[in-house]
Amino acid sequence: MTSGSTTATSPWFVRPQSGEYPARIFCFSYSGSGASAFSAWPAAIDDVEVCPVQFPGRENRLAEPHYGTYENLAAALVEPLLPRLDRPFAFFGHCAGALPAFETVLRLAEAGLPEPACLFVSGQPAPHDAAADRMLTMTEAELRAEVQSFIRGRGIEPRPDMVDMGLAVLLRDHAAAVAYRRTEPVPVRCPIVVLHWRDDPDVRLDLLEGWRQYADSVDIRVVDGGHHDFMNAPDELLKLLTSWR
């Protein structure tokens with residue numbers, strides 16, 4: 001592939017594959033959201049191509065069956081990833097998106113395929129502590145209120161149809177989160193960088209310590225902002241995301 005060339009994108013990726021950059025970072029969104037969570041991120045950060053992953057059952061893949069479980073999602077993602085693993089890469093997963101990102105690392109290792117040079121996890125306790133997520137105990141009415149609050153937080157007055165669509169995606173993702181259980185840490189070979197958002201009221205810094213059992217190198221960083229501020233692509237975050245190069 002020559003520099004600057006692109007190939008047709010697969011449904012798993014919202015941007016065509018580019019050969020222009022020497023490295024890639026694959027981005028996994030949180031429950032109830034899709035690849036548009038990264039729409040404010042540039043196409044590349046300091047020569048690292050940004051590759052938001054689009055899970056089935058949302059946004060432009062809304063008509064497709066939901067992935068069901070994080071294990072199913074990770075297994076299904078391996079083949080679409082293959083053409084993009086031809087250069088160094090990292091994974092970034094925010095909130096519950098960190099869990100299928102972690103599971104995908106395990107699937108790549110099991111298949112003897114290239115593994116990420118770094119796994120970034122943002123605002124999410126480790127897999128064996130995932131049940132501590134407060135959203136897992138919420139009722140449907142409480143989840144609806146969360147969707148409305150999030151939409152208002154983005155400066156949009158939530159219409160009922162908008163809330164209904166968001167809630168439908170969130171409920172299916174919520175079921176996958178409830179079903180996910182790893183009782184014991186499973187180490188990965190790549191370093192892990194854990195990001196704690198300083199103004200996040202729900203994910204305390206101490207809840208992230210469990211990640212230290214998942215790799216020989218685990219670095220916990222505190223970044224300015226709230227739980228969803230990653231969407232705004234703050235400079236502090238983008239600099240951290242190229243620290244593995």
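## Exercises on burial and ring pairs

F150 is partly exposed, because its relative accessible area is 25% (buried is under 20%, exposed over 50% and partly exposed in between, with a 1.4 Å probe and protein chains only). The model is predicted: local features need pLDDT of at least 70 and side-chain atom pairs count only at pLDDT 80 or more, while totals for chains, interfaces and linings use all residues. Residues are numbered from 1 along each chain as its sequence is written, and side-chain values use heavy atoms, with hydrogens and water left out.

**Exercise 1.** Determine which parts the pair of Y30 and F150 ties together.

*Solution.*
1. The whole structure holds 19 aromatic pairs (Phe, Tyr or six-membered Trp rings with centres within 6.5 Å; planes under 30 degrees apart are stacked, over 60 edge-to-face, the rest tilted).
2. Y30 and F150 form an edge-to-face pair, at 6.0 Å centre to centre and 70° between the planes.
3. Y30 lies in the loop between β3 and β4 and F150 in helix α3, so the pair ties together parts 120 residues apart in sequence (helices are DSSP runs of H or I with at least four residues, strands runs of E with at least two, numbered from the N terminus).
4. Y30 counts as buried, because its relative accessibility is 9%.

**Exercise 2.** Describe the surroundings of S33.

*Solution.*
1. S33 is placed in the loop between β3 (23-28) and β4 (44-45).
2. S33 is buried, because its relative accessible area is 9%.
3. Apart from neighbours within four places in sequence, S33 is in contact with R58 and D173 (heavy atoms within 4.5 Å).
4. D173 is one of the buried residues of α4.
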